[in-house]
Amino acid sequence: MTPPLPWTVAGNKRRIVLLLLIIIPSFFSASVMYALLPNTTGLALKGIVTLLFMLLFSWISVGFWSSLAGLYIMLRHVDKYRATAGLPEGHDLPDTFKTALLFPVYNEDTRMVAEGIRTVFSSLRRLGLEQHFDIFILSDSTDPDAWVREEEAWYALTQEENAYGKIFYRRRKSNLKRKSGNIADFCRRWGANYRYMIVFDADSVMSGETLARMVQAMEHKPDIGILQTPPKAFGSRSLISRAQQFANHLYGPIFAAGLHYWQLGDAQYWGHNAILRVEPFMQFCQLPSLPGRAPLGGDIMSHDFVESALMRRAGFGVWLAYDLDGSFEQTPPSLIDELIRDRRWCQGNLQHSRIIFTRGFFPTHRALFINGIMSYGSALLWFFFLVASSAQAMAEIFVVPSYFPSGPSLFPDWPQYFPKWALTLLGGTGALLFLPKILALSLMGWKGEAKNFGGFGAMSASVVAEVVISTFLAPVRMVFHSFFVVTTLMGSRSGWNAQNRSRETSWWDAIRFHWWGTLLGFFWGGLMYFANPGFFLWLSPIVTGLAVSIPLSVLSSRVSLGNGARLLKLFITPPDITPPTELKELKRTLRKPLPPCPFLIPREKGFTRAVVIPRVFSLHMTLISNSRVNSVQKTCRLDSLVTKALGHGPEALNAAEKIAILSDRQCLKTLHTKVWQLEGSSARKWGIV
Amino acid sequence: MASNTPEIHPLAPDFSGRDRVLLYTRGMNISPSRGIALALRSMRRAGEYAPPCKVMEELFHILEESDTPITMTDTAGNPLAATPPLNRRVVLAEDMVQHSLTRALKNCVPAMIRRLRAKQGDPS
């Protein structure tokens, strides 16, 4: 048996301490809770409330102790288990291998993706490192317009940056296994050419220096299989995303350091902004489909957690480089977009219940799977806790207390109240929730970094504002997450939609999405107000958040309110004060007007552009490859599509029909030739005037 | 009938064929002079005031006759490639056999004892 790695011993000790720190206070607070609850409503209900309270208390303890551990690391300044410890100065890389930078995209905002890639490439070029990296845009797009837009963007990038042979583009015909299948497809085709790959999200950006440090870390420690960076939020404009960006910058570093403290080499891979050792990834981390059908069977949706468990099982460490800056991502612009993303993540995390007991997984990764499930399961527990507490409060009104036990007794059984205990419990729970925020605030003040958050006063006010916003949003998230958990367990599956990264929420969308939550808030609040006004006061933050969820959702998505908050110096983050070169450049290139085009066809109409504009047509014809001879049926079908397109214009075709035309060279050529020979209104339908 | 478009004299010559072929050649990935030359040739063949369909038909004939490739090429004249050459490897999905819950719990204690012994250097 191989001797355990030094960090595994330290890791086991730290995790045992963490467990004790969670379990002991949770038992203690649960016993206090049990004593505080009145006996009048029966032991069963009292027991349920106490049990749920204990579970929830344990859950919030994890975050609390992680933050404290993070604070300890950041104050101590010495961490011998840091993944980046002992790296050489500078950013020199060996010439013996190349690293692939992968940008998986799926019907994304092409301009945003392309400019992000340009930023990364320019950053590498500034450091003279571009020869060490190849960039791959790996498309899974199913939207024909997005497909052509991506091709145009790739071509423009390679021409403008003189990066032909350095930036590549590949679109998969089949979306098998979604993002993990997309990466696996890359590994199958070109993985053998690279020692490392760095996976990006469609909206993520990393600095050249950080990329170089990641490669150096992997070279320096050959036992690292995956090195994850903690991405910082950027580019937020709406109120909710500004608040999240602020939280991410202020609390994130401490929390990430805390996670590292417990996890060490058993950390998680978050799916992007991470470097992976290609060979073991190809050999040991390919995902099977789970037996059974979705939502809990089929393709594994939250693939990243499973890949890190597999990498660890293969004997390689998975580390969180909490001290690496220069890694950025965007946050959802609205509550609805966040919840849509959560729906997908919830299904993915619940799927992990099927693989917790996979042979060979390390206990920490099994615990992390449970942690992931609890990220959404805790919402349901909280909901049950509130319902049980409400039932308890109702029962107090309607059940007549029995002060005199049925058996012989010298004294009556008076109800006893312990206000000091109640306040201690409330204070303890409050400390678990808010102390990490106060500690993060103090740390930034102490380190002299408050100026990067607009000054200590502005930073403190922002923390208060963030707490207020989170408090109102928490019950909305709770009911939605509970709904997601229940519907997933009942067999409902989530789709795979492109993420919205900029849109504001309309009133109609908010009503459609939140009407039932609003009704629940009014009904629940009204019931408690009339039945037990004392309990209503305790419940009011919850029911108020639910009752106002429609305006909350709309207003929090407003860019104007985000800008307003910025004018008031609220939610200021370091990138607002001293933006890194990469983010400055990204902002500049996104503002740059696009080169003029003699054709009046908007860039969004990718299909029409591929059919009409000779240059785009040629590019598409160059990039598609179908050498097979079509069957008679297929030829007839394609002919009828061409006739339909010529007669009724591009708008008459659906996405599948457009894809069919774009996928066939002969068909596209015929359509292109005939469209240019159209006259009058038929030609105008194609933008030819 | 009121109209916002400027009135065209009924006897005015029709330039739509010229405009169409010039628009097409402007959109091609070729040098401007070659584009104009192509447009001129197709107009000469189709007739000075021929309708767009006729001029474009001639242009496509000329392109076919001159073997102008539809596809794009790189600076070395090779067809543009968006991907590097394939270097295929077999990638197989990992085995993820599940322990049953009872078996996992049953194995848990002996496994922990084995690990502790291994740490203490006990070969058994």
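Student: Hi! Which residue does Asp325(A) meet in a salt bridge?
Tutor: Its partner is Lys232(A), with N to O at 3.3 Å. Keep in mind that this is a predicted model.

Student: How many salt bridges does a search of the whole structure find?
Tutor: Over all chains, the count is 35. As background, side chains of opposite charge can pair when their charged atoms come close.

Student: You mentioned S7 and S10. What sheet are they in?
Tutor: Both belong to an open sheet of three strands in chain A, ordered S5-S10-S7, with mixed pairing. Strand S5 (205-206) and S7 of chain A are the edge strands, and each pairs on one side only.

Student: How do S5(A) and S10(A) run, parallel or antiparallel?
Tutor: They run antiparallel and are joined by two bridges. In that region, Met206(A) stands opposite Ser327(A), which is in S10(A).

Student: OK, switching to the sheet with seven strands. What order do they take?
Tutor: In chain A the order is S3-S2-S1-S4-S8-S6-S9; this sheet is open too, and its pairing is mixed.

Student: Why is one side of S3 and of S9 left without a neighbour in the sheet?
Tutor: Strand S3 (167-171) and strand S9 (317-320) of chain A stand at the edges, and each has a single partner strand, so one side of each has no neighbour in the sheet. From one strand to the next, the twist averages 20°.

Student: And how many bridges pair S1 with S2?
Tutor: Seven bridges, in the parallel sense, between strand S1 (residues 99-105) and strand S2 (residues 133-139) of chain A. For one of the positions, Leu102(A) has Phe136(A) in S2(A) as its bridge partner.

Student: Which strands does helix H6 of chain A touch?
Tutor: Helix H6 (residues 208-220) of chain A packs on the sheet and touches S1, S2, strand S4 (196-199), strand S6 (224-228) and strand S8 (274-277) of chain A. The direction of the helix makes about 155° with that of S6(A).

Student: Backbone check now. What kind of peptide bond joins Ala294(A) and Pro295(A)?
Tutor: A cis one, with omega about 15°. Pro295(A) is in the loop between helix H9 (278-284) and helix H10 (303-313) of chain A.

Student: What about phi of Leu264(A)?
Tutor: The value is near 50°, which is positive in a residue other than glycine. Leu264(A) is placed in the loop between helix H8 (252-263) and S8 of chain A. In general, most residues other than glycine have a negative phi, and most peptide bonds are trans.

Student: Last topic, the interface. How many residues of chain B are in contact with chain A?
Tutor: 44 residues of chain B, in contact with 58 residues of chain A. About 4700 Å² is buried between the two chains, and carbon and sulfur atoms give 62% of that.

Student: How many salt bridges are found across that interface?
Tutor: The rule finds one. Glu94(B) forms a salt bridge with Arg313(A), where the closest N and O atoms are 3.0 Å apart.

Notes:
Residues numbered from 1 in each chain as written. Chains lettered and ligands numbered in written order. Predicted model: local features only at pLDDT ≥ 70, side-chain atom pairs only at ≥ 80, totals over all residues. Heavy atoms only, no water. Contact = heavy atoms within 4.5 Å. Buried area = accessible area lost by both parts, 1.4 Å probe. Salt bridge = Lys/Arg side-chain N within 4 Å of Asp/Glu carboxyl O. Pairing = 2+ DSSP bridges. Helix = DSSP H or I, 4+ residues; strand = E, 2+ residues; numbered from the N terminus. Axes fitted to C-alpha atoms, helices over the stretch in contact; angles between N-to-C directions.
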